[in-house]
Every structure is written in structure tokens, then in C-alpha cells.
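Let's take a friendly walk through a protein model together. Have a look at the picture before reading on.

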Amino acid sequence: MSRRVVVLDYGSGNLRSAERALARVGADVTVTADLTAAAEADGLVVPGVGAYAACMAGIEALGAGPVIADRVAAGRPVLGICVGMQVLFEHGDEHGVVTKGLGLLPGGVTRLPAPRLPHMGWNTVQAPAGSVLFAGLPADARFYFVHSYGVTAPSALAAAGATVTTAHHGADFVAGVERGALSAAQFHPEKSADTGAALLRNWLGTLE
């Protein structure tokens with residue numbers, strides 16, 4: 001029985017590639033701005049590309065923040081991707097402008113301290129034992145990243161009870177996080193070929 005997954009359409013891009021990738025691993029996928037559908041789906045995907053402030057403005061205009069928060073509080077799976085992961089944190093600081101996030105995870109998003117930005121291309125990650133998202137994936141598995149900002153305090157997030165996967169570009173940053181019903185990836189699993197498909201399949205396995 002396929003799981004019903006909603007990819008939330010709040011005006012951010014990259015919706016169709018996420019839809020296709022989820023469908024390929026067996027999900028029954030709908031791309032929609034319908035908040036009732038988002039609340040009732042087996043799994044909700046929050047995508048995001050571009051600026052943190054623009055993504056938060058789209059989420060707020062749709063009124064989607066409470067739906068995302070209610071799902072997490074009720075133990076209903078949510079997967080954030082790229083900026084869709086970043087907005088789950090308390091705030092984002094881009095070009096000196098701080099934008100309030102959804103506050104579902106502790107910490108903030110800042111510019112990566114790297115000599116070359118954006119961090120674009122394939123990179124390995126360091127997943128801890130016990131990770132569900134990365135279960136069965138080899139240690140040298142590579143994922144596709146496109147970003148200049150990230151969460152660079154992985155130890156603080158781990159101290160808050162999250163399972164934290166890291167990558168390195170200038171500094172260690174959060175590449176993936178799992179806490180209760182909430183999962184997220186800084187990279188694009190939908191653009192990460194077989195390794196991304198395996199991760200999405202692992203996430204689908206958590207849906208009830």
C-alpha cells in the first residue's frame with residue numbers, strides 16, 4: 001500500500017523534481033497548497049530553494065506554519081529539504097537580516113565560513129549510528145548540495161536530542177536531522193541519484 005505524501009506548494013521552486021523522486025520510490029504524491037491535504041497526508045514534504053526570508057514569507061502567506069507544527073507535535077512525519085530544512089530552525093541570518101523561522105528545531109542558519117560559496121555539488125556525509133534516514137547507506141555515499149547558508153552548531157542540536165548527520169564545507173554543518181516525527185536534509189535527495197532515492201525510501205518506511 002503506497003503512502004500518501006503531500007509536497008507543500010507555498011511558492012518555492014523544485015516541486016516537480018521532488019514529486020517525481022518520491023513517486024519513483026513508491027509514494028502516492030500530490031503537490032498542493034491545500035492545508036487540509038497537508039494536515040491529513042501520511043507524510044508532508046516541505047521543500048525550499050532560494051532565500052530564507054522569501055521561503056518564510058511564502059509559508060506565512062499560506063498559513064502553513066501551524067499545520068507543520070501541529071503535525072510534528074502529533075507525531076506525524078514531516079521532511080524538510082534544503083531551505084525547507086532551514087526554516088524549521090529558530091531563525092535565519094542572510095546578509096545581516098535576521099528572519100524568524102518556525103522554531104521547531106533549536107539554532108539558527110548563518111553563512112557558511114567557507115572560501116568558496118555556494119557549496120555546490122556532491123559531498124559525503126557523516127551519519128551517526130541509529131539514523132533511520134541513512135540506514136543501509138555506505139559511509140562514502142554522496143549527496144547533491146546547493147547552498148551558501150547552513151546550521152554550523154551540530155553538537156548543540158545533538159544535545160537537544162536530535163540525531164544529527166554532518167557534512168563539511170569550510171566547517172562542519174548539519175546535513176541531516178531526525179527528531180521524533182521531524183526529518184530534514186540540507187542536500188537535495190531528489191537530485192542525489194540512487195543514494196537520494198534510498199534516503200527517500202527510508203523516510204517513506206517511517207510513515208504509518
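## About the model

This is a predicted model, in which local features need pLDDT of at least 70 and side-chain atom pairs count only at pLDDT 80 or more, while totals for chains, interfaces and linings use all residues. Residues are numbered from 1 along each chain as its sequence is written, and side-chain values use heavy atoms, leaving out hydrogens and water.

## A four-stranded sheet

Look for four strands in the order S6-S5-S7-S10, which make an open sheet with mixed pairing. Its edge strands, S6 (97–100) and S10 (149–150), each pair on one side only. Strands and helices here are DSSP runs numbered from the N terminus (strands: E, at least two residues; helices: H or I, at least four), and two strands pair if DSSP finds at least two bridges between them.

S5 (residues 91–94) runs antiparallel to S6, joined by four bridges. In S6, Val 98 is the bridge partner of Asp 93.

## Helix H4

Which residues of helix H4 (residues 65–73) are buried? They are Gly 65, Val 67, Ile 68 and Arg 71, where buried means under 20% relative accessible area, exposed over 50% and partly exposed in between (1.4 Å probe, protein chains only). Just after H4, Gly 75 has a positive phi of about 75°.

## Strand S13 and its neighbours

Strand S13 (residues 182–185) is covered on both faces: Leu 182 and Ala 184 are buried on one side, Ser 183 and Ala 185 on the other. S4 runs parallel to S13, with four bridges between them, and Gly 80 stands opposite Ala 184.

S12 (residues 172–179) pairs with S13 in the antiparallel sense over four bridges. These two strands form a hairpin with two residues between them, and Gly 180 in the turn has a positive phi of about 60°.
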